[in-house]
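Hi everyone, thanks for coming. Let me put something new up on the screen, and then I'll walk you through it step by step.

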Amino acid sequence: MKSPHSETPRDFADRLAVVMRSDQQAIAGLRSVVEESAFAPPGRGVPSVGELRAVRRAIARTVDRRDRLRAVFLPASLLARFRWDPDA
């Protein structure tokens, strides 16, 4: 899920929450840490590994197993190199 440059962490979290209804707590926790890191004094608001893993697991649960495997073994960024470009 890509976000526009003008989108705030809160807006992104709200948009993500629509897709991931069952994991509102993980999204809210990560959003809070990201907002804190943007507006708090340096050194505060660093997300923990556990928070990042919780959100990553929540995102993974929104797609089926085939799509998760394809994302791991054939990511879109890798496949983009091999797409035919008629202007090249």
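So, the secondary structure of this chain comes to five helices and zero strands, where helices (H or I, at least four residues) and strands (E, at least two) are DSSP runs numbered from the N terminus. Read from the N terminus on, the order is α-α-α-α-α. Please keep in mind that this is a predicted model, so local features need pLDDT of at least 70 and side-chain atom pairs count only at pLDDT 80 or more, while totals for chains, interfaces and linings use all residues. Residues are numbered from 1 along each chain as its sequence is written, and side-chain values use heavy atoms, with hydrogens and water left out.

Now the chain as a whole. Of its 88 residues, 17% are buried; buried means under 20% relative accessible area, exposed over 50%, and partly exposed in between, with a 1.4 Å probe and protein chains only. Contact means heavy atoms within 4.5 Å. Among the contacts with a separation of 6 or more, 33% join residues 24 or more positions apart.

Let's look at how helices pack. How do α1 and α2 run relative to each other? Their axes come within 9 Å and cross at roughly 170 degrees, and α1 and α2 are therefore roughly antiparallel. Axes here are lines fitted to C-alpha atoms, for helices over the stretch in contact, and angles run from 0 to 180 degrees between N-to-C directions. Angles under 35 degrees count as roughly parallel, over 145 as roughly antiparallel, 65 to 115 as roughly perpendicular, and the rest as oblique. On the α1 side, Pro 9, Arg 10, Ala 13, Leu 16 and Ala 17 meet Gln 24, Ile 27, Arg 31, Val 34 and Glu 35 in α2. By class, that contact has six nonpolar, one polar and three charged residues. Ala, Val, Leu, Ile, Met, Phe, Trp, Tyr, Cys and Pro count as nonpolar, Asp, Glu, Lys and Arg as charged, and the others, Gly among them, as polar.

Next, follow α2 (residues 24–39) over to α3 (residues 49–60): their axes come within 9 Å and cross at roughly 135 degrees. That makes α2 oblique to α3. Here Ala 26, Ile 27, Gly 29, Leu 30 and Val 33 from α2 meet Glu 51, Leu 52, Ala 54 and Val 55 from α3. This time the residues divide into seven nonpolar, one polar and one charged.

While we're at α3, find Arg 57, which lies in that helix. Arg 57 counts as partly exposed, at 48% relative accessibility. Arg 57 and Asp 23 are 34 residues apart in sequence and 9.5 Å apart in space, C-alpha to C-alpha.

Two more stops. Glu 7 sits in the segment before α1 (9–19). Is Glu 7 buried or exposed? Glu 7 is buried, with a relative accessible area of 18%. Its side chain makes a polar contact with the side chain of Arg 15 at 2.9 Å. A polar contact is a pair of N or O atoms within 3.5 Å; within protein, one must be able to donate a hydrogen and the other to accept it, and residues adjacent in sequence count only if both atoms are side-chain atoms.

Finally, Asp 64 is in the loop between α3 and α4 (65–73). Asp 64 is partly exposed, with a relative accessible area of 40%, and its side chain reaches the backbone nitrogen of Asp 67 at 2.9 Å.
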